[in-house]
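Let's take a walk through a protein model together. Have the sequence and the 3D view open, and follow along as we go.

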Amino acid sequence: MERARTLGELKENGYRSISVKSEMRANLICKLKRREKLFPGIVGYDETVVPQMVNALLARHNLILLGLRGQAKSRIIRQLTDLLDEQIPVIAGSEVNDDPFHPISAYGRQMIELHGDAMHIDWIARDGRFVEKLATPDVTIADIIGDVDPIKAAKGGHLLSDELTIHYGLLPRANRGIFAINELPDLAG
């Protein structure tokens, strides 16, 4: 089946968007039915960590993995991308992976208003939906959440209070994906 290139084609194909947690849950259930190994290369957790991860994912929980260094926390987190769909549609040009049916950014809403069903769609692979940040004392709120970009405001002729002047940080860019912070205690207060 050929992938949709516009919002109209996406609607014709009957695509339905779901939350990341529901997507991961559905793909996990498929893997469990096929009896696939969930975390290949991870040794010794088949009766402890893996069942707890399965329960958390089935219940659509957020995850915090605690443990000493070298206990495969990062490897487990990175392998969670295998539970995401191969590709999902996003509004072309969106910095925050806007869902074509439910955009969260001003840009996404403007594109739908301007182009309607002719709005261009891009597809993002599962690996492009994983954002990881190593926490260090120099990481700022602007790095994680974002900040006002005065140059964007000046070039676009926007007020500083306009949503279109925001330079998005890592967390908004991880919209519709997985966001992980490694070594959380190392973050500055």
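One word to settle before we start: a residue counts as buried when its relative accessible area is under 20%. Keep in mind, too, that you're looking at a predicted model.

Is Lys 31 buried or exposed? Its relative accessibility is 12%, and because buried means under 20%, Lys 31 counts as buried. You'll find Lys 31 in helix α2, which covers residues 20–33.

Now zoom out to the whole chain. Of its 189 residues, 34% are buried. The chain has eight helices and six strands, and if you read along the sequence, they come in the pattern α-α-α-α-β-α-β-β-α-β-α-β-α-β. Take the C-alpha atoms along the principal axes, and they fill a box of roughly 55 × 45 × 25 Å. Here's another way to look at the fold: take the contacts with a separation of 6 or more, and 70% of them are between residues 24 or more positions apart.

Next, the inside. The largest nonpolar core holds 19 residues, and Met 24, Phe 39 and Leu 80 are the ones with the most contacts inside it. The elements giving two or more residues to this core are α2, α3, α4 and β6, with α3 giving the most, four residues. Click on Phe 39 for a closer look: leaving out its neighbours within four places in sequence, Phe 39 touches Val 50, Met 53, Ile 76, Gln 79 and Leu 80. Apart from this core lies another one, of seven residues, including Leu 10, Met 111, Met 119 and Ile 121.

Time to visit a strand. In a regular strand, side chains alternate between the two faces of the sheet. Which residues of β6 sit on its covered face? They are Ile 178, Ala 180 and Asn 182, while Phe 179 and Ile 181 are on the uncovered one. Strand β6 also has a partner: β3 (residues 130–134) runs parallel to β6, and five bridges join the two. Across that pairing, Val 131 stands opposite Phe 179.

What about the empty spaces? Rolling a probe the size of a water molecule over the atoms shows where empty space is left. The largest pocket contains about 990 Å³ of space. It has 34 lining residues, and those nearest its centre are Leu 63, Ile 64, Ile 77, Phe 179 and Ala 180. Helices α2 and α4, along with β6, each supply at least two residues of that lining, and the largest share, five residues, comes from β6. Sorted by class, the lining has 18 nonpolar, 10 polar and six charged residues.

The second largest pocket has about 190 Å³ of space. Its lining is made of 13 residues, with Val 49, Leu 65, Leu 66, Lys 73 and Ile 76 nearest the centre. Here α3 (49–58) and α4 each supply at least two residues, and α3 gives the most, with four. By class, this lining has nine nonpolar residues, three polar and one charged.

How values were computed: Residues are numbered from 1 along each chain as its sequence is written. This is a predicted model: local features need pLDDT of at least 70, side-chain atom pairs count only at pLDDT 80 or more; totals for chains, interfaces and linings use all residues. Side-chain values use heavy atoms; hydrogens and water are left out. Buried means under 20% relative accessible area, exposed over 50%, partly exposed in between (1.4 Å probe, protein chains only). Two strands pair if DSSP finds at least two bridges between them. On a 1 Å grid over the protein atoms alone, a cavity is a set of points where a 1.4 Å probe fits but cannot get out, and a pocket is an open set with protein on both sides within 12 Å along at least five of seven lines; lining residues have an atom within 4 Å of a point. Grid points are joined across faces, edges and corners, and a volume is the space filled by probe spheres set on the points. Ala, Val, Leu, Ile, Met, Phe, Trp, Tyr, Cys and Pro count as nonpolar, Asp, Glu, Lys and Arg as charged, and the others, Gly among them, as polar. A nonpolar core is a set of buried Ala, Val, Leu, Ile, Met, Phe, Trp, Tyr and Cys residues joined through side-chain atoms within 4.5 Å. Contact means heavy atoms within 4.5 Å.
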